[in-house]
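Please open the model in your viewer and keep the selection tool at hand. The stops below are arranged so that each selection leads to the next.

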Amino acid sequence: VSWVTPPVKAVGDVLYAADVNTLSGDLTLLATPPMASAYKTATQSIANVTGTNLVLDTVLMDQDPTGSAIYNSGTGVFTIRTAGAYSAEGQVQWQANGSSTGTAQAAIRKNGTANVVQSVADGQNIVESSPVVMEAQRFVVGDTLQLRCFQDSGAARTVDNQTQGTFMVLRFESL
Amino acid sequence: MAWTAPPVAAVGDVFGQRFWDPLSRQLAVLGLRPMSSVVASPTTTSLVNNNGNENINFDTVKVDQDPTGMPIFDPSRKLFVCRTAGWYLGRMQVQWVGDAQGGTLQHGWEKNGVQIMQGDRGNPNRLQGWPVMVVTFLSVDDTLRPFVWWQPTVGGAYGTHQTSLSLQADVPSANIRLVSL
């Protein structure tokens, strides 16, 4: 299913089956838009001062009208299958590691090269969350996004696996 | 209200009620997308430490709409009730008024009374706020509750003395919205 511009009719025009199916297809795309969400059920150790891509091992949901999976739970990569404007939310939940220095960070990285959004908070010796929100921006087919983290506490720090505390969702907003 | 698959027409079909009704229902769901936003004002919410997950004093509804016509937010239980099944995104933000007791501050989400998402930070004796988001599938009558929890540390150990900590007024907010059927 892909978006087709809805037909415009004039008085006296005939409504064809294809016109109805266009409306049905467009409605399906709007009602069940491209979207994928995954979260961590296994911990992951993050080395000091080392930006690290996170692999979210459990897929909560994954749908796209092309039928292709958006998220790869083996690599942690979200891949755009349908072009459009997308938003994303994510969070990294850190375990305490005995250090209260440095920072705890989360980011969403595009195409493996640049962070499109990033959050930075003081490092705390306590379970600590780093939420990150990507407001809508346009992507083309094949673009990739990935949840990423960084910490400089002076020692390795573990990303937690409580409930869905470390997760990311990618959501289609508009054509 | 349940989503029904859009009709597929074939050549020779008459475009009558069989096609019109599901298209109309689907547009109603998309046009009046289930959504509810609430804020806590004007008073602060005061919390007892280590008292389990507590409600936030949400007392003002900013938006509450569902194609069923039923309210999503339940003001007495301070939680959201699903009226139209689907995938929902929940977002909440809480600003904590910190104090010198240290310990852990946490807010998050409960689904049907079970904690499914949380964000934690330490208590640094200053204002501190952050959002906590969740994605989950809700069936009709499922509930999603934004909660807060905190526990101070005393002498390096978690304390259990009864001391309250406040949330800043006018800041706590929560929203759920349907993002996919």
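A salt bridge is here a side-chain nitrogen of Lys or Arg within 4 Å of a carboxyl oxygen of Asp or Glu. By that rule, two salt bridges are found across the interface of chain B and chain A. Please bear in mind that this is a predicted model.

**First stop: a salt bridge.** Select Asp122(A) and Arg126(B). Their side chains meet in a salt bridge, at 3.2 Å from N to O.

**Second stop: the side of chain B that touches chain A.** Select helix 1 (17-31), strand 7 (86-97), strand 9 (114-122), strand 10 (127-138) and strand 15 (173-180) of chain B; each supplies at least two residues of this side. Which element gives the largest share? Strand 9 of chain B does, with eight residues.

**Third stop: the whole interface.** Display both chains together. In contact are 39 residues of chain B and 40 residues of chain A. Between them the two chains bury about 3,000 Å², and 61% of this lies on carbon and sulfur atoms. Now select Arg121(B), Met133(B) and Val135(B): these residues supply 18% of the area that chain B buries against chain A, more than any other three residues. Polar contacts between chain B and chain A number 14 residue pairs, both residues at pLDDT 80 or more.

**Last stop: a surface patch.** Select Trp3(A), Leu30(A) and Leu175(A), which form a nonpolar patch on the surface with about 240 Å² of accessible area together. Trp3(A) is located in the segment before helix 1 (17-31) of chain A. Is Trp3(A) buried, partly exposed or exposed? Trp3(A) counts as partly exposed because its relative accessibility is 33%, between the limits of 20% and 50%.

Notes: Residues numbered from 1 in each chain as written. Chains lettered and ligands numbered in written order. Predicted model: local features only at pLDDT ≥ 70, side-chain atom pairs only at ≥ 80, totals over all residues. Heavy atoms only, no water. Patch = residues over 30% accessible without salt bridge, like charges linked within 9 Å, V, L, I, M, F, W, Y side chains within 5 Å. Areas by Shrake-Rupley, 256 points an atom, 1.4 Å probe, with all protein chains shown as cover. Helix = DSSP H or I, 4+ residues; strand = E, 2+ residues; numbered from the N terminus. Buried < 20%, exposed > 50% of the residue type's maximum accessible area, 1.4 Å probe, protein only. Contact = heavy atoms within 4.5 Å. Buried area = accessible area lost by both parts, 1.4 Å probe. Polar contact = N/O pair within 3.5 Å; in protein donor to acceptor, adjacent residues only side chain to side chain.
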